[in-house]
There are 2 protein chains.
Amino acid sequence: MSSYTRPYSSHQSYAPSAPSLTESYEAQHTYNSSRPSNHGHQQPPHLAAYGYGQSSSSYGYSGFPPGTNSEVIRSFQMVDRDRSGFIDENELQQALSSGYQKFNTRTIRLLMFLFKNPHDSLRIGPKEFAALWSYLGQWRGVFERYDRDRSGKIDLFELRDALYGLGYAVPPAVFKVLISKYDDGSGRKIELDFDSFVEIGMILKGLTEKFKEKDSRYTGTATFGYDEFMSTVIPFLVTYD
Amino acid sequence: MSSYTRPYSSHQSYAPSAPSLTESYEAQHTYNSSRPSNHGHQQPPHLAAYGYGQSSSSYGYSGFPPGTNSEVIRSFQMVDRDRSGFIDENELQQALSSGYQKFNTRTIRLLMFLFKNPHDSLRIGPKEFAALWSYLGQWRGVFERYDRDRSGKIDLFELRDALYGLGYAVPPAVFKVLISKYDDGSGRKIELDFDSFVEIGMILKGLTEKFKEKDSRYTGTATFGYDEFMSTVIPFLVTYD
């Protein structure tokens, strides 16, 4: 786990308060009817979006960490129809899209690639799914905190602040490259939805962790042999199919 | 220019002899009616496929290196309809597809990204187009040399040999990652067409050059700061849209 990120434990029980993105989402995920309005306050990201307001036992479905929220388990079960205990990228897309916005296939593959067991093929089990859900909940909270007009979009200033809120102080040169694909050259204001936000976040998370693996003494530099460099970077490209 | 690659000068005039991939391609690109059959012989890659059998003046179209083949200039002119002197990714795709197989958008973007002027936006001019064409001609020759049954596909053993023929001795671990996306897990024999071959080649070429920039003393290792590492790798990912 990278020290750049500060994931919240699923056992914490913040009152859900982050504004929801859509009406349909709101309807399906309201766990607390008396939601305090703390919009615009600087406070930690909330876990409500993905159901971290309450926890439950694992419904007898093995593999989930103790205390996993029932919503997480239900989502997993719903797509894991053959009860194999694993879901593939299509199933992950379904699980995250139910009652929520749809994620791009690229984002799904990046999520899959970064959360799956490294020794496993491209599929994830209950433990990884719960971790992924927890991350997304945290990221959703941050995104919504910066989406002040609740448009479902954040601009580049808000993106930088939001990434900072997740623990990533992105250097200007890197930021410029990261957002280049969203700039159509028209001079129009660039705005990102949650899908793109997660995609950018996953690239940052994945590459930062790889860098830190090679920078175990925190020198700020990492030395790669040719094979290492290629083997580290190429998986990000082939995931990006 | 990476010393891993050995591009041929456009001034060389090998007799066209590499077998063409498709009938339609054959019909449109036969520059030499008496094509000697040297199939299977170990000889240098041929440039015939992209029109390097003959050279000509640049038809008054400025920007092409002296001696650029007329076919190259014609292809560029055909897609650069506004005579701006630059073509974008859609136009590049058209230029390379005319009379030839279609390249995937991903491959086109990688080609664009690796051949464009680094200080320019995502477009290429005559000089870069001629260099790209030359590369593709060389790669086509190598591909066809290994496609012994002229099926338009090469298998993984042939892929490794073909990449070696282009100057890339790919470590086994890297090779495994590179071809992973073509493996559907069914155990079926993996075969690659020219498009995929070029895509893989471009990834190798691009990353190898980046590595070598940071390994100027040929130590076999490259040291990156965090910003450098991120700024180096991310463009490959955002190109891969």
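Trainee: Leaving out neighbours within four places in sequence, which residues is A:Thr107 in contact with?
Mentor: In this predicted model, A:Thr107 is in contact with A:Asp195, A:Val198 and A:Glu199.

Trainee: Which helix is A:Thr107 in?
Mentor: A:Thr107 sits in helix H4 of chain A, residues 105-115.

Trainee: And is A:Thr107 buried or exposed?
Mentor: Buried, because the relative accessible area of A:Thr107 is 0% and the cut-off for buried is under 20%.

Trainee: How far is A:Thr107 from A:Arg217 in space?
Mentor: The C-alpha atoms of A:Thr107 and A:Arg217 are 31 Å apart, and the two residues are 110 apart in sequence.

Trainee: Switching to A:Ala95. Where is that one?
Mentor: A:Ala95 belongs to helix H3 of chain A, which covers residues 89-97. A:Ala95 counts as buried, at 2% relative accessibility.

Trainee: What does A:Ala95 touch, not counting residues up to four places away in sequence?
Mentor: The residues touched by A:Ala95 are A:Ser75, A:Val79, A:Phe129 and A:Trp133.

Trainee: What does UniProt annotate on chain A?
Mentor: An unreviewed UniProt entry carries the annotation "domain: EF-hand" for residues 67-102 and 134-169 of chain A. In the model, residues 134-169 of chain A are 64% helix and 6% strand, and the end C-alpha atoms of that span lie 21 Å apart.

Trainee: Now the nonpolar core. How many residues are in the largest one?
Mentor: The largest nonpolar core has 122 residues, and A:Phe197 and B:Phe197 have the most contacts inside it.

Trainee: What is A:Phe197 in contact with, neighbours within four places aside?
Mentor: The contacts of A:Phe197 include A:Trp139, A:Val142, A:Phe143 and A:Ile154. A:Leu159, A:Ala162, A:Leu163 and A:Leu166 are also in contact with A:Phe197.

Trainee: On to the interface. How much area do chain B and chain A bury between them?
Mentor: About 3400 Å², with 77% of it on carbon and sulfur atoms.

Trainee: Which elements of chain B give two or more residues to the side that touches chain A?
Mentor: Those are helix H7 (172-179), helix H8 (194-213), strand E3 (221-225) and helix H9 (226-239) of chain B. H9(B) gives the most, with 12 residues.

Trainee: How many residues are in contact across chain B and chain A?
Mentor: 34 residues of chain B are in contact with 34 residues of chain A.

Trainee: How many salt bridges are there between chain B and chain A?
Mentor: Zero salt bridges. The interface of chain B and chain A does have seven residue pairs in polar contact, both residues at pLDDT 80 or more.

Conventions:
Residues numbered from 1 in each chain as written. Chains lettered and ligands numbered in written order. Predicted model: local features only at pLDDT ≥ 70, side-chain atom pairs only at ≥ 80, totals over all residues. Heavy atoms only, no water. UniProt positions renumbered as here; feature names shortened; annotations may be inferred. Helix = DSSP H or I, 4+ residues; strand = E, 2+ residues; numbered from the N terminus. Core = buried A, V, L, I, M, F, W, Y, C linked by side-chain atoms within 4.5 Å. Buried < 20%, exposed > 50% of the residue type's maximum accessible area, 1.4 Å probe, protein only. Contact = heavy atoms within 4.5 Å. Buried area = accessible area lost by both parts, 1.4 Å probe. Salt bridge = Lys/Arg side-chain N within 4 Å of Asp/Glu carboxyl O. Polar contact = N/O pair within 3.5 Å; in protein donor to acceptor, adjacent residues only side chain to side chain.
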